[in-house]
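Here is a briefing on one protein model. Please view the sequence and structure below, then read the points by topic.

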Amino acid sequence: METEKNFFAVDLGATSGRTIVGSIKDGKVNLEEITRFPNNLIEVGGHFFWDIYALYNEIIRGLRFVAQKGIKISSIGIDTWGVDVVCIGEDGQINGQPMAYRDPCTFKAMDDYLNHIVDREEVYQTTGIQFLNFNTLFQLYAMRRQGNVALRNAQKILFIPDALSWMLTGNAVCEYTIASTSQMLDPRTGDLDERLLNSVGLARHHFGRMVSPGTQVGVLTSEVQRQTGLGPVPVIAVAGHDTGSAVAAVPAQDEKFAYLSSGTWSLMGIETPEAIISKLSFERNFTNEGGIDGTTRFLKNICGMWLLERCRKEWGDSAPAEYPKIIEAATKQEAFRSLINPDDPVFANPSNMQDAIQVYCRRTGQVVPEGYAAVARCIFDSLALRYRQVFGYLKEMASFDIERLHVIGGGSRNELLNQFTANACGVEVVAGPQECTALGNVMMQAAAAGVVKNIWDMRRVINDGIELKVYQPTDKQQWDAAYEKYLAVTKTK
C-alpha cells in the first residue's frame, strides 16, 4: 500500500451537502470535512426544482479551498440521492433547473403509467425495483405527459452525480448504481431497458455510456482548472447513489451479513452477486439496486428515525433537545406497551406525528402513550420489531445464512435501538461507521487509484481503522412474545 493519497469526496443529500478530503496512510483512512452547505429546494410555478448551479458552485468552492491549502488530491468522486435527472440541450447547456422527486407532478403518475402503459408485474420483472411514485420512470412519464419543454428538447439526460461530473469534465456517463434507482435498468443486461425508455418517449442514446463504479469519467476542464487553481485532476465515477457508497463501506469480513443503513429512513438488505426477482420479492416490494464490484443491493426501505424527528419538532420545549436524554427517558418506560407499524401510510406525512401514533394505538385497542418518553419508547420498540420482520424476509430469500447485522449511518450511535435490534432479530449487531457514505466514496476512489484492490480490501481498511461496537442478543422469550403482539396489532405479513 502506498504511503499516502488524498481523495476529494462530494456527498450531497436532499437537504445538505459536504465536501470531504479522505486520506489513506499506513492502511488507515481519515476524513476531514472541508465545506458544508445547504441544498435548497426551489418552489416556483407550482413545481419543485434543485439548484444544480448552486451545487456545482459549492463543489468549485471546495476544490478552490483545497488548492489554496496546498492539499494535493488524487481524484474527485460525487455521490447524491437517487432518481432525479438533468436535461441537456443540443447546445450543450442545461435545459432549466432539474425537477425534484418531491414535485407533485409525480403523485398520480405511477398508477396512471402502470394502469395504461406497462403492467406493474412486467415493470418489476424487468427491473426488480420497488414501486415509488417518484422513481425516474414515472417522473419522465409525468413530464412527458405535461409537455415539459426541458425534456422535449433534451439531447442528453444525466442523473444528478453524472450531471455534476459532466459539468466538471465535459464527459457524459451513466453510472450503474445511480441508474439502477430509475426503475428503467434491467439488472440482467446491466443496461437501460429500451422498451421502458420508449414508453416515455426516449431511447438509449439520450443517456451517457454505462460505466461501473471506479471508472474514470475524465479530468477537470481547463475552465475548472483555472477557477480552482488545480491541475487536470481525474473525476472518478464512484457509487453515485449515496446508499451504494454507504453499503460499500460496511466493514464486513465475509458475505454472510445483512446491513441496516439507519437514519431518517432505514434501508435493510443483503449484498448478492445477482438480482433477486421473484414472486415473493414482488409481493413484498423489495428492490434490487446496483452495488460495487458487480454486486446487487437487495433491500427494503423502512421508515426510520423520521418518526422521532417529527415528534421532537412537535414536542418543542416539553422534551429534552438532546437525543441521549430522550433515549434515557425511553429506557425507563414499560416495554411493548404500545406498538405501531412504522410503515403504515398514516405515518408518511401526518400533520402531527404524535397525534397519529396515539390515534393508531387507540384504534388498535392498546394503551395510548402519553408524554415524550412513552412515545419514544413506542417508536424504538416498534422499529426494532419491524426490523425483525424484514430481517426474517431477508433470511427467507437469501441464498446464505445471515450471521450478523451491520448498522451503519447516523443511527449507529443509538445504543438503545442497536441493542433492541439485536434482541428482536436474534443476531449479533455490529454498529458503525457513522460516516459510511463519505467512506465508501473515498474508498472507491482509492480502489480506482490501485491503493486498495477490491471491495473486501476496502472493507478491511475500514474495519481496521474505525471503532465498532458489537451488541449480542438477549431476552429472547420476551422479544418473541413482543413480536407475536406486533404481528397481531399491525396485521402485517
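Asparagine 288 has 3% relative accessibility and counts as buried, because the cut-off for buried is under 20%. The model is predicted.

**Asparagine 288**

- Asparagine 288 is part of strand S17.
- Its side chain reaches the backbone nitrogen of isoleucine 276 at 2.8 Å.
- Isoleucine 129 is 159 residues away from asparagine 288 in sequence. In space, the C-alpha atoms of asparagine 288 and isoleucine 129 are 5.5 Å apart.

**The seven-stranded sheet**

- Strand S17, which holds asparagine 288, belongs to an open sheet of seven strands.
- The strand order is S17-S18-S16-S15-S19-S20-S21, with mixed pairing.
- S17 (287-290) and S21 (469-471) are the edge strands, and each pairs on one side only.
- On average, neighbouring strands of this sheet are turned by 30° against each other, direction ignored.
- S20 (residues 428-431) and S21 run antiparallel and are joined by three bridges.
- Alanine 431 has lysine 469 in S21 as its bridge partner.

**The six-stranded sheet**

- Six strands make up another open sheet, in the order S3-S2-S1-S6-S14-S13. Its pairing is mixed.
- S3 (28-38) and S13 (215-219) stand at the edges with a single partner strand each, so one side of each has no neighbour in the sheet.
- Neighbouring strands here are turned by 25° against each other on average, direction ignored.
- Helix H6 (residues 160-169) lies across S1, S6, S13 and S14 (234-237). H6 runs at about 40° to S13.

**Strand S1 and its partners**

- How many of the nine residues of strand S1 are buried? Seven are, so S1 (residues 4-12) is largely enclosed by the rest of the structure.
- S1 and S2 (residues 16-25) run antiparallel, joined by nine bridges.
- A hairpin of three residues connects S1 to S2.
- Lysine 5 stands opposite isoleucine 24 in S2. Alanine 9 stands opposite isoleucine 20 in S2.
- S1 and S6 (residues 75-79) run parallel, with five bridges between them.
- Aspartate 11 stands opposite aspartate 79 in S6.

**Nonpolar cores**

- The largest nonpolar core has 99 residues. Which of them touch the most other members? They are Tyr113, Met268, Ile270, Ile357 and Phe380.
- Helix H15 (residues 372-397) gives this core its largest share, 14 residues.
- A second core is separate and has 38 residues. Phe37, Leu63, Ile78 and Leu230 are among them.
- Isoleucine 357 touches Cys311, Ile340, Phe347, Pro369, Val375, Cys378 and Ile379, leaving out residues up to four places away in sequence.

**Helix H12**

- Leu307, Leu308, Arg310, Cys311 and Trp315 are buried in helix H12 (residues 306-315).
- Why do they lie on the same side of H12? They cover an arc of only 160° around the axis, which puts them there.
- The buried residues of H12 pack against strand S18 (296-303) and helix H13 (323-331). They also pack against helix H14 (353-363) and H15.
- Cys311 of H12 is one of the residues that isoleucine 357 touches.
- Glycine 316 follows H12 and has a positive phi, near 55°.

**Asparagine 95**

- Where does asparagine 95 lie? It lies in the loop between strand S7 (85-88) and helix H2 (109-116).
- Its side chain reaches two backbone atoms: the nitrogen of glycine 89 at 3.5 Å, and the oxygen of asparagine 153 at 3.3 Å.

Note on methods:
Residues numbered from 1 in each chain as written. Predicted model: local features only at pLDDT ≥ 70, side-chain atom pairs only at ≥ 80, totals over all residues. Heavy atoms only, no water. Helix = DSSP H or I, 4+ residues; strand = E, 2+ residues; numbered from the N terminus. Polar contact = N/O pair within 3.5 Å; in protein donor to acceptor, adjacent residues only side chain to side chain. Pairing = 2+ DSSP bridges. Axes fitted to C-alpha atoms, helices over the stretch in contact; angles between N-to-C directions. Core = buried A, V, L, I, M, F, W, Y, C linked by side-chain atoms within 4.5 Å. Buried < 20%, exposed > 50% of the residue type's maximum accessible area, 1.4 Å probe, protein only. Contact = heavy atoms within 4.5 Å. Arc of directions from axis to C-beta.
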